[in-house]
Amino acid sequence: MPAIESLPDANLRSPTYYLARTYARCRYCGLSTHLMALAVPRTHETLDDDEPADDAESHQPAASAWRRLDVDAFLFYVERLSHDVRRRLQKMAPCFRPARSATTQSVYWVNHCEHCDSLLEDHELHCEPEGAFMPASEAEAAQIHLLQVPEPIEVVAAGYSPDPAFFGLMRTA
């Protein structure tokens, strides 16, 4: 795995990642708005909470604590991102930015409606059937565009959706 900017409490890393883009109707103003999510390919690794971190000096998890999963995955409730990823998102998706959620009482990277600036919570987009990033059909999956970014990513994410349905049918740009 190539060197990745270190986030001391990261729980996921990958040598590449995807920017997943789609659109949905805002539940507040009713207008169609662009949405963004992060996804990782089968080459990503997650931190295994069962493995002890034994390198106390560097505050880095032991190499054995990282486990490679052989599935694609969507990330949500993303709390922190490596610097280069933050910079790319700020440039490419200004409506996907950190904000405090009244629902979760936490700050995470969340979509905002491009028209009314309302928060479009991750639970609705990633966890509900037919959510924007949880397609229930091939046609819905085809509305999601994946842009592969050939750069490393390291994140702290509370949400992780491994092996999403129809991932292989999402369009790659």
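Buried means under 20% relative accessible area, exposed means over 50%, and partly exposed covers what lies in between, computed with a 1.4 Å probe on protein chains only. By that scale Cys 95, at 23% relative accessibility, is partly exposed. The structure is a predicted model, in which local features need pLDDT of at least 70 and side-chain atom pairs count only at pLDDT 80 or more, while totals for chains, interfaces and linings use all residues. Residues are numbered from 1 along each chain as its sequence is written, and side-chain values use heavy atoms, with hydrogens and water left out.

The cysteines come first. A search of the whole structure finds zero disulfides, a disulfide being a pair of cysteine sulfur atoms within 2.5 Å. Cys 26 is in no disulfide, and the nearest cysteine sulfur, that of Cys 116, is 3.7 Å away. Cys 26 is buried, with a relative accessible area of 3%. For Cys 95, the closest cysteine sulfur belongs to Cys 113 and lies 7.6 Å from its own, which is too far for a bond.

Charged pairs are the next topic. The structure holds seven salt bridges; the term denotes a side-chain nitrogen of Lys or Arg within 4 Å of a carboxyl oxygen of Asp or Glu. The elements named below are DSSP runs numbered from the N terminus, with helices (H or I) of at least four residues and strands (E) of at least two.

One of the salt bridges joins Arg 80 to Asp 9, with the closest N and O atoms 2.1 Å apart. This pair links distant parts of the chain, since Arg 80 sits in strand E6 (residues 73-81) and Asp 9 in the segment before strand E1 (12-14), 71 residues apart.

Another salt bridge is formed by Arg 13 and Glu 45, whose closest N and O atoms are 2.5 Å apart. Arg 13 lies in strand E1 and Glu 45 in strand E4 (residues 45-47), so this pair ties together parts that are 32 residues apart in sequence. Glu 45 counts as buried, at 14% relative accessibility. The side chains of Glu 45 and Arg 13 are also joined by a polar contact of 2.5 Å. A polar contact is a pair of N or O atoms within 3.5 Å; within protein, one must be able to donate a hydrogen and the other to accept it, and residues adjacent in sequence count only if both atoms are side-chain atoms.

Arg 97 and Asp 117 form a further salt bridge, the closest N and O atoms being 2.6 Å apart. Here Arg 97 is in strand E7 (residues 96-101) and Asp 117 in the loop between strand E8 (106-112) and strand E9 (119-120), a link between distant parts of the chain that are 20 residues apart. Arg 97 is partly exposed at 26% relative accessible area, and Asp 117 is partly exposed at 42%.

The account now turns to empty space. Rolling a probe the size of a water molecule over the atoms shows where such space is left. On a 1 Å grid over the protein atoms alone, a cavity is a set of points where a 1.4 Å probe fits but cannot get out, whereas a pocket is an open set with protein on both sides within 12 Å along at least five of seven lines; lining residues have an atom within 4 Å of a point. Grid points are joined across faces, edges and corners, and a volume is the space filled by probe spheres set on the points.

The structure holds one cavity of 30 Å³ or more, and the largest cavity has a volume of about 30 Å³. Its lining includes Met 36, Leu 75, Trp 109 and His 126. Strand E3 (32-40), E6, E8 and helix H2 (122-127) each supply at least two residues of this lining, and E6 gives the most, with four.

Strand E2 (17-25) and H2 each supply at least two lining residues, and E2 gives the most, with four.

Finally, Pro 135 is placed in the loop between H2 and helix H3 (138-141). Pro 135 is buried, with a relative accessible area of 8%.
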